[in-house]
Number of protein chains: 4
Amino acid sequence: MVTLPRSASPSPDLAISTLGPARIASPLAELLDNSRTSEHYVDEDDKVLLDDTLAGITARGVPASELPGMEPCGPRRRIFFDPAKTRAAVVTCGGLCPGLNDVIAGLVRTLTYHYRVRRVIGIRNGYQGFVPSYGHDVVDLTPESVRDIATDGGTVLGTSRGHQDPDEIVDCLERLHVNVLFVVGGDGSMRGAMRIAATVAERGLMIAVVGIPKTIDNDIPYIDQSFGFQTAFSHASDAIRAARVEATSTANGIGLVKLMGRHSGFIASYAALARSGADVVLIPEVPFGLEGEGGLLAHLRRRVQERGHAVVVVAEGAGQELLGHDPDADASGNARLGDIGPYLRRRIGDHFADAGIETSIRYIDPSYAIRSVPANPYDSVYCVRLSQAAVHAAMSGRTEMVVGRYRRRFVHVPMAAAVSRRNQVDPHGDLWMAVLESTGQPVAFA
Amino acid sequence: MVTLPRSASPSPDLAISTLGPARIASPLAELLDNSRTSEHYVDEDDKVLLDDTLAGITARGVPASELPGMEPCGPRRRIFFDPAKTRAAVVTCGGLCPGLNDVIAGLVRTLTYHYRVRRVIGIRNGYQGFVPSYGHDVVDLTPESVRDIATDGGTVLGTSRGHQDPDEIVDCLERLHVNVLFVVGGDGSMRGAMRIAATVAERGLMIAVVGIPKTIDNDIPYIDQSFGFQTAFSHASDAIRAARVEATSTANGIGLVKLMGRHSGFIASYAALARSGADVVLIPEVPFGLEGEGGLLAHLRRRVQERGHAVVVVAEGAGQELLGHDPDADASGNARLGDIGPYLRRRIGDHFADAGIETSIRYIDPSYAIRSVPANPYDSVYCVRLSQAAVHAAMSGRTEMVVGRYRRRFVHVPMAAAVSRRNQVDPHGDLWMAVLESTGQPVAFA
Amino acid sequence: MVTLPRSASPSPDLAISTLGPARIASPLAELLDNSRTSEHYVDEDDKVLLDDTLAGITARGVPASELPGMEPCGPRRRIFFDPAKTRAAVVTCGGLCPGLNDVIAGLVRTLTYHYRVRRVIGIRNGYQGFVPSYGHDVVDLTPESVRDIATDGGTVLGTSRGHQDPDEIVDCLERLHVNVLFVVGGDGSMRGAMRIAATVAERGLMIAVVGIPKTIDNDIPYIDQSFGFQTAFSHASDAIRAARVEATSTANGIGLVKLMGRHSGFIASYAALARSGADVVLIPEVPFGLEGEGGLLAHLRRRVQERGHAVVVVAEGAGQELLGHDPDADASGNARLGDIGPYLRRRIGDHFADAGIETSIRYIDPSYAIRSVPANPYDSVYCVRLSQAAVHAAMSGRTEMVVGRYRRRFVHVPMAAAVSRRNQVDPHGDLWMAVLESTGQPVAFA
Amino acid sequence: MVTLPRSASPSPDLAISTLGPARIASPLAELLDNSRTSEHYVDEDDKVLLDDTLAGITARGVPASELPGMEPCGPRRRIFFDPAKTRAAVVTCGGLCPGLNDVIAGLVRTLTYHYRVRRVIGIRNGYQGFVPSYGHDVVDLTPESVRDIATDGGTVLGTSRGHQDPDEIVDCLERLHVNVLFVVGGDGSMRGAMRIAATVAERGLMIAVVGIPKTIDNDIPYIDQSFGFQTAFSHASDAIRAARVEATSTANGIGLVKLMGRHSGFIASYAALARSGADVVLIPEVPFGLEGEGGLLAHLRRRVQERGHAVVVVAEGAGQELLGHDPDADASGNARLGDIGPYLRRRIGDHFADAGIETSIRYIDPSYAIRSVPANPYDSVYCVRLSQAAVHAAMSGRTEMVVGRYRRRFVHVPMAAAVSRRNQVDPHGDLWMAVLESTGQPVAFA
């Protein structure tokens with residue numbers, strides 16, 4: 001039976017669902033020296049304020065205790081599940097992202113070493129792994145079996161896109177006697193996890209469903225930066241540098257790099273800022289026009305004429321208004337995007353040909369090469385800490401929520417809030433301003 | 001004439017000094033399309049709250065408007081210096097840190113492209129470069145001359161440790177007609193910058209002194225993470241991995257790695273969390289004992305007997321209580337630390353020899369190799385954004401302050417606050433808890 | 001006036017053309033301490049045997065002195081050009097390859113420091129740079145201007161494909177008073193260099209034309225390994241690893257990587273051997289069939305069914321017999337290849353669809369990202385040594401030849417020999433045998 | 001019973017010992033398609049000539065068939081051991097070197113997949129693993145257990161220095177029913193392997209002892225380059241670059257880097273050539289003096305005065321004549337070297353202090369960090385091919401020999417020849433000449 005949102009949370013959309021009253025966290029007490037660690041337990045009533053600016057707080061006009069905020073992550077003095085009887089499961093869903101194996105390993109280690117949970121089950125190939133007709137076996141995950149997995153990119157559990165019937169999934173959870181389910185996936189997968197949690201609640205089961213949100217695009221609200229993002233933009237900046245080398249090595253050379261970013265230009269913006277030599281950055285948040293003296297093509301032509309070369313970085317979701325939209329969605333429910341990369345290559349080529357300028361265009365699309373690399377040390381640490389936070393949340397009975405870092409605090413975010421909208425680059429904020437200053441491109445192409 | 005702290009700041013230690021009333025920022029208006037960028041100017045009255053937890057805010061018992069907070073960074077609608085008449089200078093002080101060249105390049109680019117400042121002067125070899133008797137020339141810095149400098153680590157301006165007479169420095173600033181001085185350096189250098197600002201004020205000059213705080217140890221208060229820190233701990237984790245490979249390749253092998261961290265164990269903690277295989281992490285914040293069954297040596301012996309090897313990571317400032325202190329300080333005023341690395345190597349060797357266990361100890365001290373690498377892409381972006389923030393602050397007439405990122409916001413921090421104490425790893429916080437869980441070491445060696 | 005092939009060379013195709021009698025190499029004598037370096041001069045009559053196996057030598061049935069061999073590289077006691085009056089030019093042609101900037105820098109340094117040549121001219125954008133109608137300026141190259149260029153990939157001189165009129169080129173060389181021309185380029189460019197040398201000879205000029213052969217495909221005969229090759233296959237192995245991670249992370253995942261190698265499968269073979277996890281390697285030297293039980297498609301299907309995934313590496317020139325040939329050639333005279341990558345992707349997809357197996361194919365084409373990286377340390381050293389050898393050859397009056405390393409000796413190879421055929425992977429040799437053992441693929445798909 | 005050297009070998013020191021007459025290699029015939037691979041078998045009578053220069057061959061004055069040469073590596077049509085009854089063992093000895101795990105994995109794969117040998121035993125911790133009193137277990141090595149080991153540096157088998165009683169070792173081989181022993185180690189270990197082979201012969205056993213020579217110093221005669229060397233000097237060049245950054249970042253900065261190279265300066269020479277910015281390279285092959293105007297110290301002082309900084313690279317075995325020799329040897333029989341690094345640091349510091357020049361010396365000793373890295377892709381491929389060659393040699397009954405690459409051919413080298421002397425940098429050869437040109441240092445310091 002899922003309890004109602006806790007009354008202490010003044011903002012309904014940030015109330016965390018819990019499974020019920022909790023018991024004293026005795027395993028922690030056994031494991032750790034009480035006299036030194038007792039201060040570490042997180043206070044059940046604390047919260048991290050959503051808005052920490054003076055303007056934000058005074059605008060509310062409410063007492064401080066009623067300001068909207070989020071629960072901090074961490075071990076609770078009282079936990080809900082008895083570790084000795086707890087069985088956990090882990091599933092990874094959607095496209096690859098650096099750090100998946102670090103998260104899996106971190107979950108297994110924290111469950112085993114911190115809480116002494118005895119059985120952790122890995123579900124194979126995303127939500128498909130719950131569905132008998134696919135015929136995927138489950139695997140046992142132990143500290144030994146996950147010891148070296150983070151050396152490689154990808155996910156040792158496999159992944160898949162698309163939804164599966166929540167009833168079949170909960171049937172499987174019941175068959176496997178799973179009490180705690182960790183879902184690592186994007187917003188489509190989190191919507192799937194919400195359906196699982198709803199089915200769990202309908203059946204009156206006591207299964208916590210906790211998410212570790214995954215998006216290489218860094219577009220999750222209430223979260224500073226998604227895991228794998230730093231690794232991704234670091235490799236993306238190498239692709240831009242390669243394009244720049246190609247462009248500068250030929251007369252009138254043009255490099256065109258398509259980067260990840262369906263709805264948000266974070267990877268394109270950060271990669272371009274990392275001394276990569278981009279002349280133009282195009283992101284979904286800032287529409288652009290091609291034609292006319294104020295358009296992208298004329299700007300590029302002037303750059304090439306002035307400097308002898310130009311490098312364009314385009315996020316995959318940019319310029320969709322220039323393409324005919326495809327109304328269909330893919331298996332995960334994501335809208336299909338038109339492919340802006342080849343389109344731009346063609347339009348740029350035609351423009352220079354029409355202008356009688358011999359040019360050479362190199363087009364680089366490093367997507368898969370970036371998604372599949374192992375996490376860099378920063379993301380590796382971040383994944384460990386996220387997975388520790390997720391285990392603490394699940395063991396305390398939280399459900400239908402994800403863990404994340406908000407303004408440097410690890411916090412609990414209700415799944416409904418985490419999928420409510422997307423983080424985007426603020427076209428008036430300092431990140432985009434920094435990009436404009438770095439590239440010298442105009443505020444708008446139109 | 002330096003004005004008094006602005007009355008809007010409720011917390012005296014976080015009031016920002018400014019040089020005087022400002023003029024409308026016309027160069028920005030010329031440079032950028034007003035209709036799109038006008039929202040970007042930072043509101044003079046906004047602030048970022050220091051404590052964003054419910055507990056923190058209610059404990060104050062004051063109206064929200066009086067909660068302590070910091071000024072956000074960014075371009076102001078009104079600036080103090082007329083860019084056409086502004087001459088800027090940059091000096092880098094103290095030990096090397098990844099990102100120094102990125103900061104220099106970012107300052108030059110923002111001054112030149114955003115504000116159209118015409119002359120930026122580089123001071124050679126730290127504060128020595130201001131003092132005629134050292135005979136160092138100054139250099140002109142232009143976007144062209146700094147174009148590729150960030151490819152290399154170190155600082156193209158050179159650096160030095162130690163103080164110089166503030167009167168000689170201000171004499172030099174006057175001779176060079178400098179209005180805006182950027183000091184990139186550690187807390188010793190910031191204390192020097194405060195003396196420069198004081199001398200400037202005494203003479204009634206209008207010279208803004210703005211700092212970009214540099215510490216590879218990540219120990220600056222009010223700042224999330226110092227530039228170069230991620231690059232540093234990434235390389236440090238390679239050193240731990242090397243030690244682990246050596247340790248596991250011989251019977252009873254022990255790897256001992258000394259990392260940076262005079263007063264703070266951040267590098268040791270993060271590097272150890274980055275799947276590096278450390279068995280024990282020792283940091284300045286957590287004293288440890290060597291002898292007895294609860295001591296480090298017995299723990300190591302047990303680890304080696306159980307697993308055949310062990311890896312110890314020690315921050316340079318850890319365990320100082322075990323060494324005879326040296327009362328002297330170095331040229332920058334930093335206390336001289338005893339060298340814990342060789343001391344531990346000897347004590348561990350003796351302990352195993354006494355126990356009749358043949359062992360092999362590999363000692364790795366990667367300090368200089370880490371300090372001299374170029375910034376990784378994350379730090380590179382961070383340095384660009386810090387330098388943009390520093391330029392905006394200086395042009396608006398702020399002085400005696402540093403820029404930093406606090407809970408993901410770029411903020412102004414008064415120099416006095418930035419040197420008031422050190423950030424340290426909280427022995428009861430989740431970072432150290434994560435380290436303990438990762439290494440499996442006891443909460444205390446005693 | 002170009003002299004006839006030297007009579008000491010028994011094998012006509014390996015005789016080196018020289019410009020005429022040489023003078024004593026006095027600059028060397030000045031520069032270096034004679035008593036220690038005198039042994040270093042290369043003996044004019046020595047040679048490195050072409051075939052160093054017993055079988056090879058006895059099969060000839062000639063006295064040892066008549067066995068075919070090549071001149072060793074190195075400084076000669078007698079040189080042809082007076083360094084004080086020598087003007088050198090450098091041109092880079094064709095596609096990018098790691099190490100171009102190292103070669104340029106090495107040529108400039110050796111000409112300047114070793115021989116004290118006072119002027120080295122860089123020709124911009126390949127052979128186009130000689131032709132006035134393109135309007136490219138020449139640049140002066142000095143040790144200072146080339147100091148840091150090798151940090152970046154590409155070529156600071158720019159490059160272009162395609163031939164230019166040799167008369168226009170020699171006109172330009174005469175205008176610039178160039179005595180020594182270094183051409184860095186592929187076999188098309190070397191054919192161009194031969195036309196330049198022929199025109200030089202027709203006009204009775206004394207201009208040495210020396211090549212540093214460039215091919216990322218490692219297909220130059222008489223040369224162990226071309227510069228940039230190790231860097232290239234190292235990065236190529238990363239692409240294979242990425243494909244493997246993608247393939248293993250989904251049910252029935254297939255990774256398909258297209259690598260460089262128009263006529264030779266060296267990059268594909270070496271990259272696959274470098275613990276990259278390829279299941280099948282396809283190279284131009286070994287034709288393959290798709291259909292039938294012995295064909296590639298059935299093999300892949302079996303692999304996927306047994307192991308759950310498969311990774312295919314295909315050199316761009318492989319399987320051309322499966323595609324309709326394009327009779328045209330590109331600007332450099334290279335035959336246009338059909339694009340085997342997308343073709344295979346389609347055929348594999350159709351095959352699995354027909355077999356009713358749901359699969360996921362990731363296609364990676366890392367070509368430009370590989371061509372544009374800086375040389376790794378090995379290639380960097382190799383480029384330095386090649387450029388030193390090229391300068392020694394040119395100063396001694398050799399012409400119409402290239403430098404290379406043959407069985408670990410730096411040797412002179414006549415241009416005619418260097419373009420006479422291509423190095424290819426021997427389908428019966430130990431390299432290909434090692435690939436077959438590593439992948440477990442059958443000896444033939446048919 | 002070990003047979004006499006085969007009469008076909010004209011040079012006694014290069015005759016390969018074999019265990020006896022061989023049988024037809026039927027497993028190969030089963031495994032591989034005969035019609036295509038039959039040409040791959042190596043001809044028993046072929047050889048690779050030791051000297052492939054005209055001067056070298058004519059100087060002998062003997063028929064070509066009597067010129068000294070080495071057996072090429074590769075599969076033989078006739079093998080000695082019946083794979084179905086063969087049991088192989090692998091031991092790794094001495095210090096770490098990049099590529100050890102690649103060699104182990106390559107041996108296991110070739111034995112298992114190519115020859116279908118059913119049992120491969122790993123001996124733990126070097127020769128100690130054979131001696132019961134050390135109590136180390138043996139481990140079974142399978143393709144599955146070695147699948148990912150090469151991702152890490154070091155050796156999964158562990159290693160140790162020093163000799164063990166050959167009788168105890170052969171007792172152990174007999175107990176384990178080992179027919180084929182692979183020893184991966186340096187020259188001390190190869191001398192140990194010769195004692196094992198001698199004991200095997202005395203007892204009339206049929207155990208092949210084949211070595212894969214390991215030396216990070218690249219000092220094995222008859223071998224182009226030892227495995228791990230390229231990886232090692234690549235990382236060493238990073239250390240030099242770090243020293244250079246430190247040196248150039250301070251006034252009168254001096255960087256001092258000690259690199260591996262007990263008797264040979266290959267690592268120092270190659271690392272210095274790889275655009276690392278060294279001003280002086282010191283190697284064991286070229287003695288140097290410190291004092292006087294022609295000495296190292298005065299040269300450094302002039303460099304610092306001219307350029308403001310200097311970087312010195314010293315191989316660990318250089319300048320031993322300046323130190324008091326230690327007559328003792330370490331456990332492996334290697335002479336103990338005096339530590340030239342700290343000695344030079346002190347002498348340089350004193351010299352500058354005496355000259356009244358304030359300086360800053362950074363000393364970097366990256367030894368362990370270099371030895372423990374994984375092999376780069378080139379070395380990874382090389383290790384695979386060496387291990388394949390070693391297996392072919394052992395299965396054909398060769399013994400008391402090592403495999404290596406000589407002038408780009410994989411060859412068999414008798415152990416006695418491989419330990420007969422050391423490869424060294426020729427002070428009159430083109431490698432050292434390239435270093436002198438690159439650093440601009442004088443031919444001699446004296």
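Student: Is B:Glu285 buried or exposed?
Tutor: This is a predicted model. B:Glu285 sits in the loop between β12 (280–282) and α9 (296–307) of chain B. A residue is buried if 20 or more other C-beta atoms lie within 10 Å of its own. Because B:Glu285 has 21 other C-beta atoms within 10 Å, it is buried.

Student: Leaving aside neighbours within four places in sequence, which residues is B:Glu285 in contact with?
Tutor: B:Asp426 is 141 residues from B:Glu285 in sequence, and the two are 7.6 Å apart in space, C-alpha to C-alpha. Once neighbours within four places in sequence are set aside, the contacts of B:Glu285 are B:Gly265, B:Gln424, B:Val425 and B:Pro427.

Student: How far apart are the end C-alpha atoms of helix α12 of chain D?
Tutor: Helix α12 of chain D covers residues 377–395, which is 19 residues. At 1.5 Å a residue it should span 27 Å. The model agrees with this, as the end C-alpha atoms are apart by 27 Å.

Student: How many of the 19 residues of α12(D) are buried, and which residue just after α12(D) takes a positive phi?
Tutor: The helix α12(D) is largely enclosed by the rest of the structure, because the buried residues number 19 of the 19. Just after α12(D), a positive phi of about 95° is taken by D:Gly397.

Student: Is C:Arg116 buried or partly exposed?
Tutor: C:Arg116 belongs to the loop between α4 (100–114) and β7 (119–122) of chain C. Its phi is near 60°, a positive value in a residue other than glycine. Most residues other than glycine have a negative phi. With 13 other C-beta atoms within 10 Å, C:Arg116 is partly exposed.

Student: What does C:Asn125 count as, buried or exposed?
Tutor: C:Asn125 lies in the loop between β7 and β8 (139–141) of chain C. Its phi, too, is a positive value near 60° in a residue other than glycine. Because C:Asn125 has 24 C-beta neighbours inside 10 Å, it counts as buried.

Student: What does UniProt list A:Asp187 for, and is the residue buried or exposed?
Tutor: The UniProt entry, which is unreviewed, lists A:Asp187 under "binding site". In chain A this residue is found in helix α6 (residues 187–202). Because 24 other C-beta atoms are within 10 Å, A:Asp187 is buried.

Student: How do the residues on the side of domain 1 of chain A that touches domain 2 of chain A divide?
Tutor: The domain assignment gives domain 1 as 12–226 + 375–406 and domain 2 as 229–372 + 427–439. Their contact takes 20 residues from domain 1 of chain A and 19 residues from domain 2 of chain A. On the domain 1 side, the residues divide into 6 nonpolar, 10 polar and 4 charged.

Student: Among contacts in chain A between residues at least 6 apart in sequence, what percentage join residues at least 24 apart?
Tutor: Chain A has 14 helices and 17 strands. Of its 446 residues, 62% are buried. Among the contacts asked about, the share joining residues at least 24 apart is 77%.

Student: Over which residues of chain A does pLDDT stay under 50?
Tutor: Chain A averages a pLDDT of 88, and 87% of the residues score at least 70. Where pLDDT is low, the predicted coordinates should not be read in detail. In chain A, pLDDT stays under 50 over residues 1–10 and over residues 26–39.

Key
Residues numbered from 1 in each chain as written. Chains lettered and ligands numbered in written order. Predicted model: local features only at pLDDT ≥ 70, side-chain atom pairs only at ≥ 80, totals over all residues. UniProt positions renumbered as here; feature names shortened; annotations may be inferred. Helix = DSSP H or I, 4+ residues; strand = E, 2+ residues; numbered from the N terminus. Buried ≥ 20, exposed ≤ 12 C-beta atoms within 10 Å, placed from the backbone. pLDDT = per-residue confidence, 0-100. Contact = placed C-beta atoms within 7 Å. Expected span 1.5 Å × (residues − 1). Domains from an automatic or database assignment. Nonpolar A, V, L, I, M, F, W, Y, C, P; charged D, E, K, R; others polar.
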